[in-house]
Amino acid sequence: MQRRAFLDKTAMVGVLGAIAAPAMAQSTPSIKWRMSTSWPKSLDTMYGSAEHLCKRVAELTDGKFQIQCFAGGEVVPPAQNMEAVSNGTIEVNHVLASAFVGKNTAVAFDTGLPFGLNARQHNAWMQFGGGMQLVREMYKKMGITNFVCGNVGVQMGGWYRKQIKSVADLKGLKMRIGGIGGMVLSKLGAVPQQIPAADIYPSLEKGTIDAAEWIGPYDDAKLGLNKVAPFYYAPGWWEGSASITAMVNSKAWDALPPAYKAAFECACNEQTMKMIADYDNRNPEAIKKLVGQGAKLSYFPKPVMDAAFKASNELMNELSEANPDFKAMLPSWLKYRRDQASWFRVAEAELDNYTFANVTK
């Protein structure tokens with residue numbers, strides 16, 4: 001009897017196993033996506049972060065969910081990255097959303113606005129302050145589901161062939177800059193230019209443009225911009241936070257098993273932390289080297305900052321009147337900026353300002 005009972009139980013386990021195996025296989029299918037980026041492979045901070053995100057997704061799903069990462073232009077031109085996700089040509093991209101303000105100015109809220117939230121504050125607004133819900137409502141109309149997947153922090157103010165001593169020095173200045181920052185500079189008399197990274201150096205060298213902004217010390221040094229435009233200004237007031245976005249085709253996202261969705265979100269959150277840590281680690285040494293090589297580091301004069309702040313506020317009001325999506329997000333963002341400024345000046349700014357003023361080499 002005991003032997004028969006044992007055999008019966010063994011048979012039942014086999015039957016259950018046969019039933020469970022297909023169910024398990026169905027719940028963890030093999031899925032392959034393509035990720036287009038806006039970055040050359042030489043940009044090991046940005047492109048490297050996209051690669052790590054894809055690798056992490058595979059690790060978290062035992063290799064079942066594979067995302068192949070492509071450098072800018074390998075699958076679609078960088079300027080078409082958002083459209084390619086929207087129409088399903090690719091499943092996901094890795095971009096700076098503000099590059100697509102020509103499609104909808106409200107995408108700037110996804111990246112960061114002039115004199116806006118810093119990296120921590122922006123992430124707080126997106127994750128807990130209602131920002132994600134507002135931004136997703138906009139992207140939903142395009143068939144896109146967005147995820148924060150990195151941040152470079154506040155950028156530098158760019159490289160200039162001549163000094164910027166007053167607002168008058170901006171008039172007629174041909175500068176490589178896009179997005180909302182370019183719109184603000186237009187109000188101050190500058191002439192924004194859309195130029196890909198590979199063309200920035202020769203354009204500055206030939207005098208086709210007078211200035212250019214890229215990212216920050218580590219990435220700027222790779223382009224060698226200090227050799228053709230010696231004046232290096234801070235801060236990049238046009239993006240208090242340069243948040244990176246993974247845009248996912250909504251149909252492709254909805255079709256994912258829950259475990260794969262969790263893996264993707266986890267990988268995005270990891271890179272949100274790791275990317276800015278990577279930049280914070282690399283930029284101090286990079287700025288030392290640039291200055292050592294002759295870069296003339298300066299801050300924008302206060303009258304220039306004041307004029308840019310005034311023009312930024314005017315532009316945001318104008319964009320709000322012209323674009324319902326922008327108008328829907330602006331009140332929430334402005335209130336969050338006021339609240340964060342009130343808190344950060346109490347402890348964070350006070351300690352930082354004191355420490356930075358007193359720390360010696």
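Thr-111 lies in helix α4, which covers residues 108-111; helices here are DSSP runs of H or I with at least four residues, strands are E runs of at least two, and both are numbered from the N terminus. This is a predicted model, in which local features need pLDDT of at least 70 and side-chain atom pairs count only at pLDDT 80 or more, while totals for chains, interfaces and linings use all residues. Residues are numbered from 1 along each chain as its sequence is written, and side-chain values use heavy atoms, with hydrogens and water left out.

Thr-111 counts as buried because its relative accessibility is 0%, where buried means under 20% relative accessible area, exposed means over 50%, and partly exposed lies in between, with a 1.4 Å probe and protein chains only. When its neighbours within four places in sequence are left aside, Thr-111 is in contact (heavy atoms within 4.5 Å) with Leu-96, Ala-97, Ser-98, His-122, Glu-239, Ser-241, Ala-242 and Ser-243.

## The chain as a whole

The chain has 14 helices and eleven strands, and its C-alpha atoms fill a box of roughly 100 × 45 × 45 Å, taken along the principal axes. Of its 361 residues, 48% count as buried. Among the contacts with a separation of 6 or more, 76% are accounted for by residues 24 or more positions apart.

The chain exposes about 17,800 Å², and carbon and sulfur atoms supply 57% of that area, which is computed by the Shrake-Rupley method with a 1.4 Å probe. There are 39 positive and 33 negative side chains, and the centres of the two sets lie 2 Å apart; Lys and Arg count as positive and Asp and Glu as negative, whereas His and the chain ends are not counted.

## Two helices that pack together

Two packed helices are described by the angle between their axes and the distance between the axes. Helix α2 (residues 46-60) and helix α11 (residues 258-292) pack at an angle of about 145°, and their axes are 9 Å apart. The residues of α2 that meet α11 include Met-46, His-52, Leu-53 and Leu-60, while the residues on the α11 side include Phe-264, Cys-266, Met-275 and Tyr-279.

## Loops and backbone details

On one side of α2, Lys-41 is found in the loop between β1 (31-37) and α2. Lys-41 is exposed, because its relative accessible area is 52%, and, leaving aside its neighbours within four places in sequence, it is in contact with Tyr-47, Ala-71 and Glu-74. The C-alpha atoms of Lys-41 and Phe-70 are separated by 8.6 Å, although these residues are 29 residues apart along the chain. Asp-62 is found in the loop between α2 and β2 (65-70), and its phi is near 55°, a positive value in a residue other than glycine. With a relative accessible area of 72%, Asp-62 is exposed.

Phe-115, in the loop between α4 and α5 (119-128), has a phi near 50°, which is again a positive value in a residue other than glycine. A cis peptide bond, with omega about -5°, joins Ala-234 and Pro-235, and Pro-235 has its place in the loop between β9 (231-234) and β10 (243-249).

## An exposed residue in a helix

Arg-338 lies in helix α13 (residues 324-344), and it counts as exposed because its relative accessibility is 52%. Arg-338 and Ile-215 are 123 residues apart in sequence, and their C-alpha atoms are 26 Å apart in space.

Conventions:
Charge placed at Lys NZ, Arg CZ, Asp CG, Glu CD. Axes fitted to C-alpha atoms, helices over the stretch in contact; angles between N-to-C directions.
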